[in-house]
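Reader: I am new to this structure and would like to go through it with you. May I begin with one residue and then move on to other parts?
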Amino acid sequence: MSSACLCAENGDVRQETREARAPKSVTGGLVASAMPLNDFPARASIAVSDIQRAVEFYEGKLGLPALQSGPSAAIADGSRVYGSGGGAALNVYESAAAGKSEATMATWYVDDIDHIVAELTADGVRFARYDGLQHDAAGITARAGGGRIAWFQDPDGNTFAIESDV
C-alpha cells in the first residue's frame with residue numbers, strides 16, 4: 001500500500017504518493033529512500049582458505065596495500081582490508097567457504113588494459129581463457145557492448161576482471 005501526503009507547491013496543494021516522490025534509477029526503477037545504501041561505501045568480500053597465501057597474492061602480485069588487518073570470525077589475524085582507487089575496496093578473509101563462487105568477485109576499470117595485464121603477468125598473475133571467446137596473446141578479449149576485458153583468479157579460484165572501455 002502506498003502512502004500519500006499533501007504537498008504544497010507554489011501555493012497549490014496536491015496529493016502525491018511516496019512512489020511519485022522517490023528518485024528513479026537509470027533503469028527506471030524506484031530508488032528506496034528509507035535507508036539509502038548509496039550514502040555508504042561498499043566493498044567486495046572475498047573468502048580465502050589461507051590468509052597468508054592470500055597476502056602473498058593480493059599484496060605481492062596485485063600490489064594492493066593492506067589498510068587494515070584483524071580477526072576473521074574465530075581466526076586471529078584472519079582478514080585484511082585492501083585499498084584500491086583511493087579507498088577501501090576488498091575485504092579478504094579466511095573461511096571454509098573460499099573459492100566456492102564461479103562468478104566474477106570484483107572488477108578493476110582501467111585506462112590502459114594492455115599495460116596493466118602486462119605488469120600483472122610479469123608479476124606472475126595468469127589470465128584465464130574461456131571457451132567461446134577469442135583472446136589475444138595476453139588473455140584479453142572483446143567485451144560485449146564494446147571495450148575489452150581480461151579475467152584472472154586468486155590462489156583459491158576467486159575470479160577477478162580487468163576492464164577497459166578502449
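Reader: Where is Asp 154 placed?
Author: In this predicted model, Asp 154 sits in the loop between β9 and β10.

Reader: Which side chain of opposite charge is nearest to Asp 154?
Author: That is Arg 53, 6.9 Å away. Asp 154 is buried yet has no salt bridge; a salt bridge would need the charged atoms within 4 Å.

Reader: Which backbone nitrogen does the side chain of Asp 154 reach at 2.9 Å?
Author: The side chain reaches the backbone nitrogen of Asn 158 at that distance. A polar atom of the Asp 154 side chain also lies 2.9 Å from the backbone nitrogen of Asp 156.

Reader: What do the buried residues of α2 pack against?
Author: They pack against β3, β5, β6, β9 and β10. Besides Phe 57 and Tyr 58, the buried residues of α2 are Ile 51, Ala 54 and Val 55.

Reader: Which residue caps the N-terminal end of α2?
Author: Asp 50 does, with a side-chain oxygen 2.9 Å from the backbone nitrogen of Gln 52. Just after the helix, Gly 63 has a positive phi of about 75°.

Reader: Changing topic, how many helices and strands are there in the protein?
Author: The protein has three helices and ten strands. Of its 166 residues, 31% count as buried.

Technical notes: Residues are numbered from 1 along each chain as its sequence is written. This is a predicted model: local features need pLDDT of at least 70, side-chain atom pairs count only at pLDDT 80 or more; totals for chains, interfaces and linings use all residues. Side-chain values use heavy atoms; hydrogens and water are left out. Helices (H or I, at least four residues) and strands (E, at least two) are DSSP runs, numbered from the N terminus. Buried means under 20% relative accessible area, exposed over 50%, partly exposed in between (1.4 Å probe, protein chains only). Contact means heavy atoms within 4.5 Å. A polar contact is a pair of N or O atoms within 3.5 Å; within protein, one must be able to donate a hydrogen and the other to accept it, and residues adjacent in sequence count only if both atoms are side-chain atoms. Lys and Arg count as positive and Asp and Glu as negative; His and the chain ends are not counted.
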